[in-house]
Amino acid sequence: MLERLDNEGWTPSAAAHLLNRAGFGGSPEAITSLHARGLGGAVEALLSEASDDDLFPPPAMIPRDLEALKKATSTASPEEKKKIQTAVTRENREQTSLLRRWWLDRMRWSPLGAREKATLFWHGHWATSIEKVKEPFAMWQQNETLRAYAFGPFEQMAREISRDPAMMRYLDLTQSKKGKPNENFARELMELFTVGEGHYSEDDIQQAARAFTGYRVNPKTQQFLFARRQFDDGTKSFFGFEGPFSGDDVIGFLVADPQCSKFLASKLWVFYAGSPPSPRLLTELAERYRALHLDTGEFLREIFQSREFYSPAVVRRQIKGPIQWLVQLCRQMEIALPPDSDQILRQLGQIPFAPPNVKGWDGGRAWISSATLLQRYNTAGNILARGKPNWQALGANATPSLVWRLFQSPLPPDLNQKFADYLGEHGSGSAALRDLVHLMLSTPDYQIT
Amino acid sequence: MSKTLHTRRQFLRTSLLGGAVSWSIPVFLERTFFSLDAQAADSAFATGKDSPILVVLQLAGGNDGLNTVVPFADDAYLRARPSIAIKDPLRLNDSLGLHPKLAGLRGMYDDGNLAIVQGVGYPNPNRSHFRSTEIWQTASDANKTESRGWIGRYFDSCCQGEDPAVGVSIGNQTPQAFAARDPKGISFAQPEQFRFASEKTSDPDAAEEFFRSVNEANDGGSIGMLEGSAPAQGETMDFLRRTALDAQMSSDKVLAITRKSRSEVPYPPGNLASSLNLVARLIAGGMPTRIYYVAQGGYDTHSNQKGSHERLLGDLDAAVTAFVGDLKSQGNLERVALMTFSEFGRRVAENGSGGTDHGAAAPLFVLGGGVKPGLYGTSPSLTDLRGGDIIHHVDFRSVYASLLQNWLHVPVKPILHREFPTIGFV
């Protein structure tokens, strides 16, 4: 067990930290009520929040019958063909946009948001992009798989993802067959999804690629299909074992390798705590994850209750990613997401369902450049102008309550003073309050959580 | 604090080296400045309107070198690629030609502005996109990891005390190549958005003043960092403050320059073309930038590569051709060198999906008015392979070393950690 945070450590600031990191933050009231549950109760609430699928009905999406489409285009005249393709492209664009909105709204309105946050982690881990997959339906299906296993056993998740049509298209698994295996999925499975670079050989990749042959997608239903005749059932040697291995066997070997728990524990820690664990902590984390049979929910339960997670090296040391920045801002200000959230996230460098490549988003300092920093400042102003927060409810004594709402920690004294001075000079009308919040958001300090 | 900085910069720029005067400063005076204050002299050099500029163009995803510079006369090439071999390249000689979409580059070869370096790679090649990109960006050995980039180390060793805009990356992200001990270099995609929009507030002047005051060094501890003597390390807040300050200081200049400078030459549509167009306008406007960084993605052609590769190279060719034409009409072509690179080439044999898997060595282009044209390195063998991949004959750091030493005129060793043989393309 990781050493547990003691009771004195469970302050309102600690509760805010937990809500920010395990979820996407919240209003002062949400922090107060999470704090009132005590540490154990709060973590329990976050990890076992009841399914809210019924509150967030997915956009109406049906699998496109690619077989019928192919048939239609094969007999069409060039003009008709172009027409059909234009219609498909437009429909895909609209559906993708609805899908993004649906997921972002879920992050915004889910009462605690921890499952959505974990789903976001796994989306960055099993990074798959609509840019190549093209089919919004497949991206939605993958998103549901990530959500279903977000707090579940990793091995099962890995098996599901290897059969996931979006992933299969993204890493060319659908083209891999006996005698002509495509290495793309096998390589990334090891390099990015399980054990990490340097812990396998080029030969392991080629052997694993053979084990993953025969994976196909039914063009009518868009579901996984195993084409036995395309599968290479010959003997493979992989990680020191020999046999006529299947893809699931390969995943089994990889997950059983201690390097896998180490690789994933480190990645989870970085995502939730903000910076790489020390070698000592990493050893401990990897051992715990392994002891818990790579059950992510159980592992996070220990992390969220550990003393280490609330240490000064962790609290307010993480640079917010664009999605975190946007969703947290709207939750804190108790406003809806802006209608052009898609566009905003594109400019800030994190488009849901379109990670830049199979490694996902680099995160950390890579989120911030001189360009994205200024864009955050400017976008914040637009969001406040259109989101219309209830300024008068913020009332008197605005500076301290706004600082708590937005930062949940003391700021450098000179910065506090500048805020107070600004309000002193401009009064506390709605316009002045809005400007003050815009300026609070236009600081380096607001970029961390 | 920032006052000191401001004064110091003004002192360097206007008083000591004085605006336009600094560009024509006699050599002996420059040397004197070196002995007086190396940093100051360096600044003088950077603001000069005739100092050399390097543009780094990343082809992300692993460009298929064999279908870019095509060994069309080699039987082994045709055998290895029954469905995707390029049979009608634009001939460079009896054995090599460029992809048919590279007509602009082919013209530059004739005009004497294009060098092609063949078989570029490194020992023990890594076939991971990310690791291999990291190796190229940090110029490390394949078995070592480095956190700082080769361009970042150039900033650290040669650009102390200079304008943050000494490096400009077009795009919203900063490439790892820019990672430095003392962070430098700015990134932006759209200049019109690269500023703080204070007019959206009810009191723009007050908001502007407030923005400036909170986005600069706001405590005593940061003063040293800004002077470059005590570099910011590790701390997230220091990094953010530094970025905020750089953004604030550069945005006025960038906006002013891009507002006034227009390109005389038409550019094709597409992201790469607009990036290079922006670079050309910044060069024309006299930015103190020495290294620009632009990227084109999509080269990971595992399946059905024929059409996609053709489109990528077509975009590349059209964008670079417009850029070169633009620089020529500005009269700046002589001081700009553009280098392309990609993390690896692709496997010699095509795969079963009409594409190619990750490979190793590949050719790269260096072009510009000051480039010595021609083919460099040896044409790679397609029969003597390692793991199905081309063996490199030129270490990519030799290309960097040549550009550092003979183009930017700076010592190589502090940047690449050791000497590498240079190549005669500049």
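Colleague: How many of the 426 residues of chain B count as buried, as a percentage?

Modeller: In this predicted model, 53% of the 426 residues of chain B count as buried. The label applies to a residue with 20 or more other C-beta atoms within 10 Å of its own. For chain A, 48% of the 449 residues count as buried.

Colleague: How do you know that the size of chain A agrees with that of a compact globule?

Modeller: A compact globule with 449 residues would have a radius of gyration near 22 Å, and chain A has 24 Å, which agrees. Along its principal axes, the C-alpha trace of chain A spans about 75 × 60 × 40 Å.

Colleague: Why is A:Asp257 called partly exposed?

Modeller: A:Asp257 has 17 C-beta neighbours inside 10 Å. Buried would require 20 or more and exposed 12 or fewer, so a count in between is called partly exposed. A:Asp257 therefore counts as partly exposed. The residue is placed in the loop between helix H13 (247-256) and helix H14 (258-273) of chain A.

Colleague: Which residues are in contact with A:Asp257, leaving aside its neighbours within four places in sequence?

Modeller: They are A:Val195 and A:Phe239. As for A:Ala158, 99 residues apart from A:Asp257 along the chain, the C-alpha atoms of the two are separated by 14 Å.

Colleague: Which residues of helix H3 (residues 38-47) of chain A are buried, and why are they said to lie on the same side?

Modeller: The buried residues of H3(A) are A:Leu39, A:Ala42, A:Val43, A:Leu46 and A:Leu47. They cover an arc of only 125° around the axis, and this puts them on the same side of H3(A). Their cover includes four helices of chain A: H1 (12-22), H2 (28-36), H6 (114-125) and H16 (296-304).

Colleague: What makes strand S5 (residues 114-121) of chain B largely enclosed?

Modeller: Eight of its eight residues are buried, so S5(B) is largely enclosed by the rest of the structure.

Colleague: How do you know that S5(B) pairs with strands S10, S11 and S14 of chain B?

Modeller: Pairing requires at least two bridges between two strands. Five bridges join S5(B) to S10(B) (residues 362-368), running antiparallel, and B:Ile116 stands opposite B:Phe365 there. With S11(B) (residues 374-376) there are three bridges, and the two strands run parallel; B:Val117 has B:Tyr376 as its bridge partner. With S14(B) (residues 394-395) there are two bridges, again for strands that run parallel, and B:Gly121 faces B:Asp395 as its opposite residue.

Colleague: Which residues touch the most other members of the largest nonpolar core?

Modeller: Of its 234 residues, these are B:Val55, B:Val117, B:Val279, B:Ala337, B:Met339 and B:Val399. Not counting residues up to four places away in sequence, B:Val55 touches B:Val279, B:Tyr292, B:Val294, B:Val336 and B:Leu338.

Colleague: How many residues does each chain bring to the contact between chains A and B?

Modeller: The contact takes 46 residues from chain B and 45 residues from chain A. On the chain B side, helix H6 (129-138), strand S7 (186-188), helix H8 (204-214) and helix H10 (236-260) each supply at least two residues. H10(B) gives the most to that side, with 11 residues. The residues of the chain B side divide into 16 nonpolar, 22 polar and eight charged.

Technical notes: Residues numbered from 1 in each chain as written. Chains lettered and ligands numbered in written order. Predicted model: local features only at pLDDT ≥ 70, side-chain atom pairs only at ≥ 80, totals over all residues. Arc of directions from axis to C-beta. Contact = placed C-beta atoms within 7 Å. Nonpolar A, V, L, I, M, F, W, Y, C, P; charged D, E, K, R; others polar. Core = buried A, V, L, I, M, F, W, Y, C linked by C-beta atoms within 7 Å. Rg over C-alpha atoms; globule rule 2.2 N^0.38 Å.
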